[in-house]
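Take a walk through this model, one region at a time. Keep the sequence beside the coordinates as you read.

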Amino acid sequence: MDRLEAMSVLLAAAESGSLSKASRDLRLPLATVSRKVAELEAYLNATLLIRSAKGLELTPAGRSYVTAAKAILEQVTEAERAAAGEYTEPKGDLVVTAPIMFGRLHVLPVVTRFLAAYPDVSVGLVMTDRVAHFLDDQVDVALRIGPLPDSSLIATRLGTVRHVICASPDYLAANGTPSTPDDLVRHSVISFQSVSVLSTWIFESEGAEITASFRSRLSVNTIDAAIDAGLSGAGLVRVVSYQIVDHVRSGRLKLVLESFEPAPRPVHLVYDTQSRLPLKLRAFVDFVVPRMRERLMDAAI
C-alpha cells in the first residue's frame, strides 16, 4: 500500500464528504477510492470514516489522523518544490484565472510578456466568468473584479473599474437621453435576462441605493453581443468600463446616468497564502502587479 497516496485519498474523501465526490476530484474509479480507504483502515486497525445521513463523517481517530496526514502531505509537497528548484529560480507551471473579457483584453497581453521574461515558467490561463476555487480548480493566481469575501487568501489591489450604462449617439438622438433611473421604462434596454422577465438595475444617489425595474426588448447571453447591439443602436446596455473604453473614446458609445453609478468595483490579484512562496509565483506577482495597475489606469474613462 502506498501510504502517501492513501492519505491523499482519505483527505479528499474527508474534505468532500463523499467517496463519489472524491473519486471525481481525484479522477479515480469509485471502487479504487473505497479500496484505498479500506486498506488504510485495515493497516491502522482503526475506523476512520463512518457513513451517516449527512454523508461521510470522521471518527475521533479519523480526525486526528487527517490532521496529521494533511501536515505530512504539505511537508512532502514543500520538499518536492524545493528539490525541483522552485525556491532557487522561477520555474514550473502556474494556473491563472481571470474573467473572460478582462482576461483577453488585459491579462493575456501581460502573461505573454511574463513568459518572454521567464522562459522556464509555463502558464495555464483559464478565462471564466465563474469564481474558480483555488483548491478544487488547482488555481495559483486569480484576477477578480468586485468586493472580495473574507478569506485567508492574499489580495493585492490593482485598481478599480466602473459599472456604466451607454448607448450609441444615434439611439440617444432618436430616443432622448435618460436623466434618472426611472426613465429606463421608456427606453429599449439590452439585458442578459429573458425578455419576458422583469429585470432590475441597481443605482446609487447620495449614498442611497436605487432599484430601477424594466423589461428588456433584447436579451443576449454574452457581453460581446450586448456591446455590438449597443453599437448598432438597439438600446441602452450596462457594461464594465474597461469593456467599452475604446468605443467611448472614439464617440461610438456615450455614457448616460453617470451621476447614478454605483461605487467603482475593485480589481484584485489574489493568491493563496503560503509560508514560503515558490519563486515562479513571486516572480509572476511582482511582474504582473505594476503592469496591470498601469493598464487599468490607461483604461479609465
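Which residue follows α8, and what is its phi? The residue is G251, and its phi is positive, near 85°. Bear in mind throughout that this is a predicted model.

Stay with helix α8, which covers residues 241-250. Its buried residues are S241, Y242, Q243, I244 and V245. The partner to look at is helix α7, residues 223-231. Two packed helices are described by the angle between their axes and the distance between the axes. Here the angle is about 25° and the axes lie 11 Å apart. Angles under 35 degrees count as roughly parallel, and so α7 is roughly parallel to α8. The crossing of the two helices is right-handed.

Now look at the residues in the contact. From α7 come I223, I227 and L231. They meet Q243, I244 and H247 of α8. Sorted by class, the contact holds four nonpolar residues, two polar ones and no charged ones. The spacing within each helix can be read against a general rule. An α-helix has 3.6 residues a turn, so residues three or four places apart point the same way.

Leaving out residues up to four places away in sequence, L231 touches S168, H247, R252 and L253. H247 is also one of the α8 residues in the helix contact. L231 and C166 are 65 residues apart in sequence, yet their C-alpha atoms are 9.4 Å apart in space.

The largest nonpolar core has 45 residues. Those with the most contacts inside it are F102, L143, L158, V239, L269 and F284. Helix α9, residues 279-298, gives the most to this core, with nine residues. Take L143 as a way in. Not counting residues up to four places away in sequence, L143 touches V96, T97, A98, P99, F102, V107, L158, H268 and L269. Among these, F102, L158 and L269 are also on the list of residues with the most contacts inside the core.

The loop between β9 (199-205) and β10 (208-214) holds E206. Phi of E206 is near 55°, a positive value in a residue other than glycine. The loop between β13 (254-256) and β14 (265-271) holds L257. L257 also is not a glycine, and its phi is positive, about 55°. L257 counts as buried, at 7% relative accessibility.

Step back into strand β9, where S199 lies. At 2% relative accessibility, S199 counts as buried. Its contacts, not counting residues up to four places away in sequence, are S191, Q193, A212, S213 and F214.

Finish at helix α3, residues 30-44, where A31 is found. A31 counts as exposed, because its relative accessibility is 59% and the cut-off for exposed is over 50%. A31 and S20 are eleven residues apart in sequence. From C-alpha to C-alpha, A31 and S20 are 9.2 Å apart in space.

How values were computed. Residues are numbered from 1 along each chain as its sequence is written. This is a predicted model: local features need pLDDT of at least 70, side-chain atom pairs count only at pLDDT 80 or more; totals for chains, interfaces and linings use all residues. Side-chain values use heavy atoms; hydrogens and water are left out. Axes are lines fitted to C-alpha atoms, for helices over the stretch in contact, and angles run from 0 to 180 degrees between N-to-C directions. Helices (H or I, at least four residues) and strands (E, at least two) are DSSP runs, numbered from the N terminus. Angles under 35 degrees count as roughly parallel, over 145 as roughly antiparallel, 65 to 115 as roughly perpendicular and the rest as oblique. A crossing is left-handed if the near helix is turned anticlockwise from the far one by less than a right angle, and right-handed if clockwise. Contact means heavy atoms within 4.5 Å. Ala, Val, Leu, Ile, Met, Phe, Trp, Tyr, Cys and Pro count as nonpolar, Asp, Glu, Lys and Arg as charged, and the others, Gly among them, as polar. A nonpolar core is a set of buried Ala, Val, Leu, Ile, Met, Phe, Trp, Tyr and Cys residues joined through side-chain atoms within 4.5 Å. Buried means under 20% relative accessible area, exposed over 50%, partly exposed in between (1.4 Å probe, protein chains only).
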